[in-house]
Amino acid sequence: MRGILPPLALLTALLAFALWNGGRIAGDTARWQSQLEQAEALAQSEDWTGASAVLSESHRDWSRRQTYLHIVSQHSAADEAEILYRRCQAFAAVQELSEFRAETAALRQQLRLLAEMERFSLRNVL
């Protein structure tokens, strides 16, 4: 029985971390997606100053989590989201609504993918 306890404790700790991590990433990505939807709504109403401010705050929020995201997730997924953030900022700067909306949609999709990859599920385990 003693030989089983350390591996069982380790598996329990790994499961707890996986569940906590998935919840944390899901919460973060939901917040970023909400910020992007708000920026898109402001841009739609021609408030480009407000849209840029919300987008910049979302990017700062995103940037604060970069170290953690690069530790627990695939670098390519986080890097792609960073590229999309920068593209959104560029289109907001030139006030190009159709391109801005397309890029924010792509960024929201990338954030959904990031959350899905970190979700604890049988598909992700196997």
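Q: If contact means heavy atoms within 4.5 Å, which residues does Leu107 touch, not counting residues up to four places away in sequence?
A: This is a predicted model, in which local features need pLDDT of at least 70 and side-chain atom pairs count only at pLDDT 80 or more, while totals for chains, interfaces and linings use all residues. Residues are numbered from 1 along each chain as its sequence is written, and side-chain values use heavy atoms, with hydrogens and water left out. Not counting residues up to four places away in sequence, the residues that Leu107 touches are Leu36, Ala81, Leu84, Tyr85 and Cys88.

Q: Is Gln35 buried or exposed?
A: Gln35 is found in helix H1 and touches Val54, Ser58 and Asp61, not counting residues up to four places away in sequence. Buried means under 20% relative accessible area, exposed over 50% and partly exposed in between (1.4 Å probe, protein chains only). Because its relative accessibility is 14%, Gln35 counts as buried.

Q: How are H2 and H4 oriented to each other, roughly parallel or roughly antiparallel?
A: With axes taken as lines fitted to C-alpha atoms, for helices over the stretch in contact, and angles running from 0 to 180 degrees between N-to-C directions, the axes of H2 and H4 come within 10 Å and cross at roughly 160 degrees. The contact includes Leu55 and Trp62 of H2 and Ala81 and Tyr85 of H4. Angles under 35 degrees count as roughly parallel, over 145 as roughly antiparallel, 65 to 115 as roughly perpendicular and the rest as oblique, and H2 and H4 are therefore roughly antiparallel.

Q: Is Glu46 buried or exposed?
A: Glu46 lies in the loop between H1 and H2, and its phi is near 70 degrees, a positive value in a residue other than glycine. With a relative accessible area of 55%, Glu46 is exposed.

Notes: Contact means heavy atoms within 4.5 Å. Helices (H or I, at least four residues) and strands (E, at least two) are DSSP runs, numbered from the N terminus.
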